[in-house]
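Here is a note for a colleague who is opening this structure for the first time. Please read the points with the model on screen.

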Amino acid sequence: MSAKGSLLEINNLNTGFRIKDEYYNAVDNVSLTLAKNEILAIVGESGCGKSTLATTIMGLHNAQNTRIEGEIFYKDLDLTKLNEVLYNKIRGNDIGMIFQDPLSALNPLMRIEDQIAESLSYHTSLTKAQQEQRVLELLDQVGIPNPKRVAKQYPHELSGGMRQRVIIAIAISCKPPIIIADEPTTALDVTIQAQILDLLKNLQEETEAGIILITHDLGVVAEMADRVAVMYAGQIVEQATVEELFTNPQHPYTRSLLNSIPREDEFEQELHVIEGTVPSLKNLPRTGCRFAPRIPWIAAEEHEENPELHEVSPDHWVRCTCYKHFHFRDEEGEA
Amino acid sequence: MTELIQIKDLKVHYPIRSGFFNRVTDYVYAVDGVNFTIEKGKTYGLVGESGSGKSTIGKAIVGLEKTTSGQILYDGKDVTKRSARHAIGYNKDVQMIFQDAMSSLNPKKRVIDIIAEPIRNFERLSDQEEKKKVKSLLDIVGMPEDALYKYPHEFSGGQRQRLGVARAVATNPKLIVADEPVSALDLSVQAQVLNFMKRIQEEYGLSYLFISHDLGVVKYMCDTIAIMTKGRFVEIGTREEIYTNPQHIYTKRLLSAIPKIDVAHRKEHMETRRKVDQEYHTLQKEYYDEAGRVYDLQTLNATHQVALRNVESEGV
Ligand SMILES: Nc1ncnc2c1ncn2[C@@H]1O[C@H](COP(=O)(O)OP(=O)(O)OP(=O)(O)O)[C@@H](O)[C@H]1O
Ligand SMILES: Nc1ncnc2c1ncn2[C@@H]1O[C@H](COP(=O)(O)OP(=O)(O)OP(=O)(O)O)[C@@H](O)[C@H]1O
Ligand SMILES: [Mg+2]
Ligand SMILES: [Mg+2]
C-alpha cells in the first residue's frame with residue numbers, strides 16, 4: 001500500500017483500553033492511507049474498533065486509560081505525538097469529525113447556533129454577523145427546514161436526525177481537507193441521506209477533501225466509496241476497491257456479512273447470522289485467525305499461524321489463508 | 001378483538017418560547033392528527049421524513065410525551081390519561097427501545113442494573129433468578145456474559161443498542177415501540193436481533209410499532225406501513241401496496257432514494273433519484289395544501305389509504 005500523495009497515512013496503529021491493570025487493543029496494528037479526493041469506507045462488525053480508530057485520529061482519548069502506539073501522519077506531522085494545544089488547531093480546521101452519537105457530542109445547554117458558531121469563531125475570522133449568516137447557511141445546506149427556528153433551539157428539542165445534521169454542519173463548517181464521518185446518516189431518512197451524501201460529494205469537488213466513511217449500510221458504501229476496508233476484531237481483514245469488494249469478496253467475514261443482507265421476498269425465512277458472538281475486548285483471541293471461532297467447520301490447518309494480509313490481486317488485500325478454503329456451512333466444501 | 005392499540009386523531013404540539021419574557025410565541029406541530037391501529041401479533045411500520053414526528057408518536061404511546069389532543073385506546077380501554085394506565089398494567093405491557101441508545105442508558109449504572117430495572121419495577125425475583133434472567137437476555141442479543149458488570153461507556157454504539165433491546169423485552173411486554181432498534185448494528189447482528197424479534201412475536205403474540213429509516217428492514221419486518229411527513233401520514237398500506245404500488249409523491253421519492261448495492265450502476269441510480277426529486281418539487285402543489293400541510297387520507301381500498309386533495313368535496 002503506497003503512501004505516495006496520501007493525505008493521511010496510518011502505520012501500525014494500536015489503541016488499547018485499560019481494563020484493571022492491563023491494556024487491550026481495540027485497534028490492533030492497523031495501517032491505512034487516505035488520498036486527496038478519495039472516499040475510504042470502513043465497515044465491520046459492531047464493536048470491531050471503527051469508532052476507536054476514528055477518535056484516535058482525532059486525538060480524543062485520554063492518556064490515563066488509553067495507550068496509543070504507531071504513527072498517524074498528516075502533512076509530515078505525526079498526530080500521535082502532538083500536544084493538546086496543536087491538536088485543538090487541527091481538530092475542526094484540518095480534520096472534521098461527524099460523531100456516531102450526536103446527542104452526546106452536543107452541549108445540552110447551548111443553543112444550536114452557538115454550538116456551530118463556536119467552531120467558526122475558533123478557526124475563522126468572520127465577524128459576528130457573518131457567523132450568524134454562515135450558521136443559517138450551513139443549517140440550510142444540511143437540509144434542516146426552518147433554520148431560523150432551529151438555530152434558537154436546544155439539542156433535546158430536535159429529532160434524532162436533526163441533531164445528526166447539526167453535527168454534520170459543525171464538521172464541515174471550516175471545509176476541512178479531511179472528514180471522518182462515523183455513521184453520518186444512520187438517523188436520517190433516505191431522502192435526507194441522499195442529500196447529505198450529495199453534499200459531501202459536492203464539498204469534496206470543491207475542496208478535494210479525503211473522507212473516511214464509517215457505516216454499516218452497504219448500500220451507502222456501494223454508492224459512495226472508492227475503496228473499502230473491512231475490519232474484524234480490531235484488525236483489517238480485507239481491503240479493495242469498491243467494485244472489487246462487492247463483485248469478488250474473499251475473506252470469510254466479508255462474505256458472511258454480505259450474506260446477512262435481507263433479501264427481497266424472503267419474509268418467511270430467518271436472516272443469515274454469523275455463528276457465535278464477538279468476545280469482549282478482554283477475551284479477544286490475540287493469536288491465530290480471529291475469525292476462526294466463528295467458522296468452526298473450516299479445518300484448523302486452513303488458517304495461518306500468524307495471519308498476514310496477502311495481495312490476492314492488485315490492491316486487493318486479504319488476511320489469513322482461510323479464504324482459499326472457505327465455504328458456508330450449508331454448502332459443500334470445494335477442497 | 002384483534003386491535004391492541006388504537007390511535008385516534010392524535011396531536012402533540014410543542015410550544016416554542018422566545019423573547020424576553022420567554023412567552024409561548026409559536027408551536028411545533030410535531031404530530032398533527034394521526035389515526036392508526038396496531039393489531040395483536042402484528043408489526044406496524046412507521047417510516048418517513050426525519051423530524052416528522054415518529055419518535056413523538058412512540059413516546060406518546062408509552063406515556064413519555066403528553067398528548068395535546070386525541071385518544072389512545074389499549075385493548076379497547078382509554079389510556080390517554082396517566083391515571084388510567086396503572087390499573088391495567090399498561091406500563092408493564094408497553095415498552096420502548098429508544099432511538100438514542102447512549103442517552104437512554106444511565107451512565108452511572110452497571111448493565112445488570114440497567115436491564116433488571118424494569119423487572120424490579122414489576123416483579124420480585126431473588127438475586128440469583130434475576131442474574132440468570134439478565135444473562136439469558138444478554139445472550140439473546142448476542143452479548144457476552146462479562147458485560148454484566150460494565151458501564152455503558154465501555155460499549156460500542158451497536159452494543160449499547162442491544163442493551164436497549166434486552167431491557168425492553170425483560171418484562172415480557174405485549175407491545176414494543178421499537179424506535180430504530182437496529183440502526184447502529186452490523187448486518188449480522190441486525191439479522192440476529194430481527195430474527196429474535198420475529199421469534200418472540202410468534203411465541204408470545206407480541207406487537208411492534210417499528211420505526212426505522214431502513215426500508216429494507218421495514219420491508220422484511222412489517223405487515224402494515226405508514227409513511228409520514230410533517231406530523232401527518234401521507235400513505236398507509238400493506239407491504240406490497242407501499243413497495244409495489246406507491247401513490248403519494250413522497251412515498252415514491254423515499255423509495256427512489258434507497259441506496260442500492262450495485263456499484264456498476266451507481267451513476268444511473270443517482271440520475272433516477274434526482275429525476276424523482278425534481279418531479280417531487282414540481283408536483284408539490286398537488287400533494288400538499290397552500291400551507292404545505294398534508295391532505296387528509298382518502299381510502300383506496302380496505303388496506304390502502306393515501307393523502308390526496310379531495311376533489312369531490314371541493315365541488316370541482
Ligand atoms: N472507553 C472504553 N473502555 C473500554 N472499552 C471500550 C471503550 N470504548 C470502546 N471499548 C471497547 O472497544 C471495542 C471497540 O469499540 P468501538 O466503539 O471502536 O466499536 P465500533 O466498531 O465503532 O462499533 P459500532 O459499530 O457498534 O459502533 C468494543 O469492544 C468496545 O466495547
Ligand atoms: N421537546 C421538544 N420541544 C420542542 N420541539 C420538539 C421537542 N421534541 C421534538 N420536537 C420537534 O418535533 C418534531 C418531531 O420530532 P420527532 O423526534 O418525533 O421526529 P422523528 O420523526 O422521530 O425524526 P427522526 O427520524 O429524525 O428521529 C421535530 O420538528 C422536533 O424538532
Ligand atoms: Mg462505532
Ligand atoms: Mg426519531
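Which backbone oxygen lies 2.9 Å from a polar atom of the side chain of Ser256(B)?

1. **Ser256(B).** The backbone oxygen is that of Arg253(B). A polar contact here is a pair of N or O atoms within 3.5 Å; within protein, one must be able to donate a hydrogen and the other to accept it, and residues adjacent in sequence count only if both atoms are side-chain atoms. Ser256(B) sits in helix H11 (residues 249-256) of chain B. Its relative accessibility is 13%, so Ser256(B) counts as buried. Buried means under 20% relative accessible area, exposed over 50%, and partly exposed in between (1.4 Å probe, protein chains only). Beyond its neighbours within four places in sequence, Ser256(B) touches His269(B), Arg273(B) and Val276(B). Contact means heavy atoms within 4.5 Å.

2. **Basis.** The model is predicted: local features need pLDDT of at least 70, side-chain atom pairs count only at pLDDT 80 or more, and totals for chains, interfaces and linings use all residues. Residues are numbered from 1 along each chain as its sequence is written, chains are lettered from A and ligands numbered from 1 in the order in which they are written, and side-chain values use heavy atoms, with hydrogens and water left out.

3. **The open sheet of chain B.** Eight strands form it, with mixed pairing, in the order E6-E7-E8-E3-E9-E10-E12-E11. Strand E6 (94-97) and strand E11 (297-299) are the edges, each pairing on one side only. Neighbouring strands are turned by 20 degrees against each other on average, direction ignored. Strands pair if DSSP finds at least two bridges between them. Helices (H or I, at least four residues) and strands (E, at least two) are DSSP runs, numbered from the N terminus.

4. E9 (residues 224-229) and E10 (residues 232-238) of chain B run antiparallel, joined by six bridges. One of the partners is Phe233(B) in E10(B), for Met228(B). Helix H8 (residues 187-204) of chain B lies across E3 (43-48), E7 (175-179) and E8 (207-211), at about 150 degrees to E8(B). Axes are lines fitted to C-alpha atoms, for helices over the stretch in contact, and angles run from 0 to 180 degrees between N-to-C directions.

5. **The hairpin.** E1 (residues 3-18) and E2 (residues 23-39) of chain B also run antiparallel, with twelve bridges. Tyr14(B) has Val28(B) as its bridge partner in E2(B). Four residues separate the strands, and Gly19(B) takes a positive phi near 80 degrees.

6. **Magnesium in chain B.** Ser55(B) (OG) and Gln99(B) (OE1) coordinate ligand 4 at 2.0 to 2.2 Å. Ser55(B) lies in helix H1 (residues 54-62) and Gln99(B) in the loop between E6 and helix H4 (101-104), so the pair ties together parts that are 44 residues apart in sequence. Ser55(B) is buried at 17%, while Gln99(B) is partly exposed at 22%. Donors are N, O and S atoms within 2.8 Å of the metal (3.2 Å for Na, K and Ca); water is not among the atoms, so sites may look incomplete.

7. **Magnesium in chain A.** Ligand 3 has Ser51(A) (OG) and Gln100(A) (OE1) as its protein donors. They lie in helix H1 (residues 50-57) and in the loop between E6 (95-98) and helix H3 (102-105), so parts 49 residues apart in sequence are tied together.

8. **Ligand 2.** Residues from chains A and B surround ligand 2, so the site is shared between chains. Oxygen atoms of ligand 2 lie 2.8 Å from a side-chain N or O atom of Ser159(A) and 2.7 Å from one of Ser55(B).

Notes:
A residue is near a molecule or strand if one of its heavy atoms lies within 4 Å of it.
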